[in-house]
Amino acid sequence: MSSDRVRSSSLTWRRLCGCCWWASRVKRSSEPIDSSGQTLMVPFSSRGTSCLTSDRAPDSTETEEQESSQTQESEETWSEEKTLVPLWAPKLSSRAVPACQSNQFLGPEGHVDIELIDESANRYSVHFPMAGFYLWPVTGLGFLVTAPVTVRIAFDSWGQHLDLKLQHEKQWVVAGPLFDVSVEPEGVITEIHLPHIISLPANEVDISWFHVAHFKDEGMVLERPARVEPFYAVLENPSFSLMGILLRIVSGTGVSVPITSTALIYYHFHPEDTKFHLYLIPSDSSLIKAIDDEEAKFHGVRLQTSPPVDPLNFGSRYIVSGSAHLEIMPQELKLSYRSPGETQVFSKVFAGRIKEPIVLEVTEKRHKTLVWRTLVKPVELQFQAASAPPALSVVAFMKEHRRHLQARLGDLNGILDDLQDNEVLTEEEKELVQQSPTQQRKNETLLKMVERKGPQALEILFKSLNQRDPYLMSYLSQQSL
């Protein structure tokens, strides 16, 4: 496929999947990173020194051809842009694209599955089978390819590579996730779209502030993106490494950086005092995943909420408030970027026994502007299991969550007593479970025994689990919804 056909395919697919093509395109700046033309050297964490180098400025012929191409494309897509804005803009801000799962890319002929090759390292692999544009909607990461290619992607932490002191001294602002990308074969990817969290269009943001940071053996190398769009920046004919978007703010400007953000709320059931955890964070998919994983360890269940409608500002402080009877600690949150590996700041909200709907609000402290509000009704929580579902539903539930039950069940003594009292297990079978060498082996033995005894036995186990471990069953129930 020729480069013109690939670019046409990319343009068409962007229209179809809503990839920010509706926004006005931003011309690439030809201004070098250092006006003196010299290489800049700065230290950063764990690597000693870092080279900050600029990409070359395009010559006049390249510039004319690029502007001509952009003008033609702009004319071709003007009618589509006007209709795409109201249709896709709300979905783009929350990274939600219809009918695509989180472990899939959208490609020119439909969905392409992503393989998780190392869960502990957040490392994934995907094979693009043909030329075209491919988008990972949940992250905003995209590739324009000219031939079949395998891409390996891992999420990394800025804190391990960019020294905090350097961020303050050089006025660097982390503006998106940090990806470790490798490809095979090389030379077939003509564009990579790297997601950013800076709110565009916004008069306060200078496009020349955007840089792509590459972390290599020789240090940190800076490259200007070819163009910057809402939600992503584009590198053309990229080299691959550990890479992400940085924003460099000129010292003394006093500018507050507007960002797209999200509010996450998790509930933790307790019969006497239900509590919620409220996070206010940048809209970075790697942060959201890290928080999801951490909350899941303690059976926290994320409730569906909308993000703030208007952009929020880095460094600003926000007040969390709500219904009169709520206890909130702390009441003040500062919007900042903490890498996925760091502890994330949140407010605990203690709600007691929830019998009536509760309101939660977030207000900007300085101007007292309401930026986010949600209503939580008791029916949403689904934490009580007052009556067991029919036997078939129990069988399906236990089958769906068998792996989680085997890994997460704790003390089995009360459950074993319940099963023996209901004549599901004999004394000998109970002792056989207890004699297993590890907790997971105990869980596995118990589940196998009950499964062999049929749906009625599974229903009795289900009731016992709801009584003995309501936190775990609440969490699993929410995953099934």
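At roughly what angle do the axes of helix α9 and helix α10 cross?

1. **Getting started.** This is a predicted model, in which local features need pLDDT of at least 70 and side-chain atom pairs count only at pLDDT 80 or more, while totals for chains, interfaces and linings use all residues. Residues are numbered from 1 along each chain as its sequence is written, and side-chain values use heavy atoms, with hydrogens and water left out. The secondary structure comes to 12 helices and 27 strands; here helices (H or I, at least four residues) and strands (E, at least two) are DSSP runs, numbered from the N terminus. The protein has 481 residues, of which 47% count as buried. Buried means under 20% relative accessible area, exposed means over 50%, and partly exposed is in between (1.4 Å probe, protein chains only).

2. **The pair α9 and α10.** The axes of helix α9 (residues 427-434) and helix α10 (residues 439-452) cross at roughly 150 degrees and come within 8 Å. Axes are lines fitted to C-alpha atoms, for helices over the stretch in contact, and angles run from 0 to 180 degrees between N-to-C directions. The two helices are therefore roughly antiparallel to each other, given that angles under 35 degrees count as roughly parallel, over 145 as roughly antiparallel, 65 to 115 as roughly perpendicular and the rest as oblique. From α9, the contact uses E429, L432, V433 and Q434, and from α10 it uses K442, T445, L446 and M449; contact means heavy atoms within 4.5 Å. By class, this contact has 4 nonpolar, 2 polar and 2 charged residues. For these classes, Ala, Val, Leu, Ile, Met, Phe, Trp, Tyr, Cys and Pro count as nonpolar, Asp, Glu, Lys and Arg as charged, and the others, Gly among them, as polar.

3. **Helix α8 and what follows.** In helix α8 (residues 413-421), you will find G414, I415, L416, D418 and L419 buried. The buried residues of α8 pack against α9, α10 and α11 (455-468). Just after α8 comes E423, which sits in the loop between α8 and α9. E423 is exposed, with a relative accessible area of 73%, and has a positive phi of about 60 degrees although it is not a glycine.

4. The largest nonpolar core has 84 residues, and F105, F128, F143, V151, W158, L246 and F276 have the most contacts inside it. Strand β10 (residues 172-184) gives the most to this core, with 8 residues. Another core, of 23 residues, lies apart from it and includes L409, I415, M449 and L461. A nonpolar core is a set of buried Ala, Val, Leu, Ile, Met, Phe, Trp, Tyr and Cys residues joined through side-chain atoms within 4.5 Å. Leaving aside neighbours within four places in sequence, F128 is in contact with F105, Y134, F143, V145, P148, V149 and V151.

5. R227 is buried at a relative accessible area of 3%, and E229 counts as buried at 1%. Their side chains make a polar contact (3.4 Å). A polar contact is a pair of N or O atoms within 3.5 Å; within protein, one must be able to donate a hydrogen and the other to accept it, and residues adjacent in sequence count only if both atoms are side-chain atoms. Now look at D284, in the loop between β19 (274-282) and α4 (285-297). D284 is buried, with a relative accessible area of 0%, and its side chain makes a polar contact with that of Y337 (2.5 Å). Not counting residues up to four places away in sequence, D284 touches G176, P177, I197 and Y337.

6. **Backbone points to check by eye.** Most residues other than glycine have a negative phi, and most peptide bonds are trans. A cis peptide bond joins E184 and P185, with omega about 0 degrees; P185 is in the loop between β10 and β11 (189-195). The bond from M329 to P330 is also cis, with omega near -15 degrees, and P330 lies in the loop between β23 (327-329) and β24 (332-334). N237, a residue other than glycine, has a positive phi near 45 degrees. N237 is in the loop between β15 (232-236) and β16 (242-248) and is exposed, with a relative accessible area of 61%.
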